[in-house]
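I opened the notebook to record what I looked up in this model, entry by entry.

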Amino acid sequence: MNKLRCFDEKQIETINRATILAEELISDYFKISFSEWKRYRYDIKTLETLKPEEITHEAFAQIVKYVCNPEMKPRGSLHADYYKICLQDHVILRALSREKELPLFPLAAYIVTHELIHVVRFSKFLQRFLVTPEEQEKEEALVHTLTHKLLHDVKIPQMASVLNIYVRCRNMETFKTAE
Ligand SMILES: [Zn+2]
């Protein structure tokens, strides 16, 4: 297999900035306190550290649900499940090269915000993880609408273009459960 293109150091930094923004927007919107955030069990990882089964070529991300993360000790958490948001660097970079003028930051902000909304909704039991395709389609439309709502007032160069292009994107993520 050819080596897949990973984010470079500067791009990783951009992902980290997008994550900080997304977490802020979501904790405000869902009224999640700082101490509550710490109980949410998720990580956002990029391609370099993913296991082969966490990689997909079909979507910007793959959310893998681990029933129990062996690397994390239980600490009186509300949520026993652990969600790993696996960003697919190569798919994201391919999309950027298609949209010549598009920088990484607004697209990363869209993707990470969107994926975190899924995780918060799963963790709050507002949505089940594995559902029928019809339910999934409904959930996806709702999560796109929420993502749009959270980001459309944020002053980020080219955010408007990203919202336009991706608000109905059908390849945001795939879902998977792991043992
Ligand atoms: Zn989605």
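With which residues is Val64 in contact, leaving aside its neighbours within four places in sequence? Before answering I noted that this is a predicted model, in which local features need pLDDT of at least 70 and side-chain atom pairs count only at pLDDT 80 or more, while totals for chains, interfaces and linings use all residues. I also noted that residues are numbered from 1 along each chain as its sequence is written, and that side-chain values use heavy atoms, with hydrogens and water left out.

Entry on Val64. I found Val64 in contact with Glu54, Tyr82, Tyr83, Lys84, Cys86, Lys176 and Ala178, where contact means heavy atoms within 4.5 Å. I placed Val64 in strand 2, residues 61-66; helices (H or I, at least four residues) and strands (E, at least two) are DSSP runs, numbered from the N terminus. Val64 counts as buried because its relative accessibility is 2% (buried means under 20% relative accessible area, exposed over 50%, partly exposed in between, with a 1.4 Å probe and protein chains only). I also looked up Thr49, which is 15 residues from Val64 in sequence and 14 Å from Val64 in space, C-alpha to C-alpha.

Entry on His90. I located His90 in helix 3, residues 89-98, and read a relative accessible area of 8%, so His90 is buried. Not counting residues up to four places away in sequence, His90 touches Leu4, Arg5, Leu47, Ile55, Thr56 and His57.

Entry on helices 1 and 4. I read that helix 1 (residues 9-29) and helix 4 (residues 104-123) pack at about 45 degrees with axes 8 Å apart; the axes are lines fitted to C-alpha atoms, for helices over the stretch in contact, and angles run from 0 to 180 degrees between N-to-C directions. That makes helix 1 oblique to helix 4, since angles under 35 degrees count as roughly parallel, over 145 as roughly antiparallel, 65 to 115 as roughly perpendicular and the rest as oblique. Among the residues that meet, I noted Ile15 and Ala22 in helix 1, and Phe105 and Val112 in helix 4.

Entry on the whole protein. I recorded six helices and four strands, following the pattern α-α-β-β-β-α-α-α-α-β along the sequence. Buried residues make up 50% of the 179 residues, and the C-alpha trace spans about 45 × 40 × 35 Å along its principal axes. Of the contacts with a separation of 6 or more, 80% are between residues 24 or more positions apart.
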